[in-house]
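Reader: I am new to this structure. Can you show me how to read its features, step by step?

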Amino acid sequence: MSEQSNGSGSVNPHSMTIIVTKGSLDWAYPPFILSTTAAAMGLDVTMFFTFYGLPLLLKDLDLKVTSLGNTAMKMPMMGGHMGMPNLVSAIPGVDRMASKMMKNLIKKKGVASIEDLREMAVEADVRLIACQMTMDLFEYDTSDMIEGIELGGAATYIEVATQSHINLFI
Amino acid sequence: MADKVLDAKGLNCPLPILKAKKALKDVPDGGTLEILATDPGSVADFQAFCRTTGNELVEHSEDGGVYQFLIRKTA
């Protein structure tokens with residue numbers, strides 16, 4: 001009998017992986033909220049950052065949100081909820097303004113910043129894997145990234161996923 | 001009297017849980033952690049947290065928008 005360790009077929013019921021594919025301010029939240037919470041609940045967590053999710057590993061984050069093409073994005077304003085017509089969203093500076101508004105809301109409502117959540121993920125030993133192909137494609141260097149990340153590809157992710165009970169794509 | 005008190009008032013999901021997890025490290029085995037929070041979602045979340053981690057949610061209550069939880073460290 002072989003040991004139950006890294007062999008195929010052994011799934012750790014307390015484990016989760018997340019493929020992180022989006023890097024805007026709003027889309028950065030679900031993966032980091034879920035990874036930090038799962039780690040706090042005793043799960044082994046792995047995050048695989050690919051395509052537009054990869055910049056979430058950069059040392060300096062400057063996350064923005066856009067209402068362009070996002071009809072569901074409505075912010076509380078003047079006692080109601082207001083969206084923004086696409087044409088307005090396309091005007092230079094509007095994204096910056098919307099991003100600032102959302103960051104103000106985040107602070108006001110006691111929601112953690114992505115920087116803080118990411119730090120907590122690192123502290124909680126969440127495994128952070130940067131997609132090597134995306135690094136090459138968008139010309140990022142490991143020196144641009146925070147400490148403690150690993151590099152890997154699809155096979156690296158799949159190996160972890162085969163042993164993981166929860167596998168999410170965000 | 002709890003062994004440790006965590007004031008998580010004004011913090012939103014998932015911060016009360018994350019801070020509670022951290023605070024539990026300073027609580028001796030079998031000891032208790034009292035948490036104060038204003039996030040209404042924390043009621044369901046602390047129950048789920050305790051069920052999953054094996055810690056005991058001894059009691060929880062609400063008073064004027066402040067939720068109080070008492071967790072015994074059993075895991």
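Author: We start with a sheet and then turn to a core and a helix. Keep in mind that this is a predicted model.

Reader: How do strands hold together in a sheet?

Author: Strands of a sheet pair through backbone hydrogen bonds, either parallel or antiparallel. Chain A has an open sheet of five strands, with parallel pairing. Its order is 6-5-2-1-7.

Reader: Which are the edge strands?

Author: Strand 6 and strand 7 (164–169) of chain A. Each pairs on one side only.

Reader: What does strand 5 of chain A pair with?

Author: Take strand 2 (residues 44–49) of chain A to begin with. Strand 5 of chain A pairs with strand 2 in the parallel sense, over four bridges. There, A:Arg127 of strand 5 stands opposite A:Thr46. Strand 5 of chain A also pairs with strand 6 (residues 150–152), again in the parallel sense, over three bridges. In that pairing, A:Ile129 has A:Glu150 as its bridge partner. A:Ala130 has A:Leu151.

Reader: Which helix makes a β-α-β unit with strand 5 and strand 6 of chain A?

Author: Helix 5 (residues 132–137) of chain A. The unit is right-handed.

Reader: Why is strand 5 of chain A largely enclosed by the rest of the structure?

Author: Count its buried residues. Strand 5 spans residues 127–131 of chain A, and four of these five residues are buried, so the rest of the structure largely encloses it.

Reader: Now the core. Which residues of the largest nonpolar core touch the most other members?

Author: A:Met47, A:Phe48, A:Phe49 and B:Ile35 do, out of 50 residues in that core. Helix 1 (residues 25–40) of chain A gives the most to this core: six residues.

Reader: What does B:Ile35 touch?

Author: Leaving out residues up to four places away in sequence, B:Ile35 touches B:Leu6, B:Ala8, B:Pro16, B:Ala20, B:Phe69 and B:Ile71.

Reader: And how do I read a helix?

Author: An α-helix has 3.6 residues a turn, so residues three or four places apart point the same way. Now look at helix 1 (residues 15–24) of chain B: seven of its 10 residues are buried. Among them are B:Leu15, B:Ile17, B:Leu18 and B:Lys21.

Reader: What covers the buried residues of helix 1 of chain B?

Author: Parts of both chains. The cover includes helix 1 and helix 4 (114–123) of chain A. From chain B, it includes strand 1 (4–8), strand 2 (32–37) and helix 2 (42–53).

Key
Residues numbered from 1 in each chain as written. Chains lettered and ligands numbered in written order. Predicted model: local features only at pLDDT ≥ 70, side-chain atom pairs only at ≥ 80, totals over all residues. Buried ≥ 20, exposed ≤ 12 C-beta atoms within 10 Å, placed from the backbone. Helix = DSSP H or I, 4+ residues; strand = E, 2+ residues; numbered from the N terminus. Pairing = 2+ DSSP bridges. Right-handed = clockwise from strand over helix to strand, strands pointing away. Core = buried A, V, L, I, M, F, W, Y, C linked by C-beta atoms within 7 Å. Contact = placed C-beta atoms within 7 Å.
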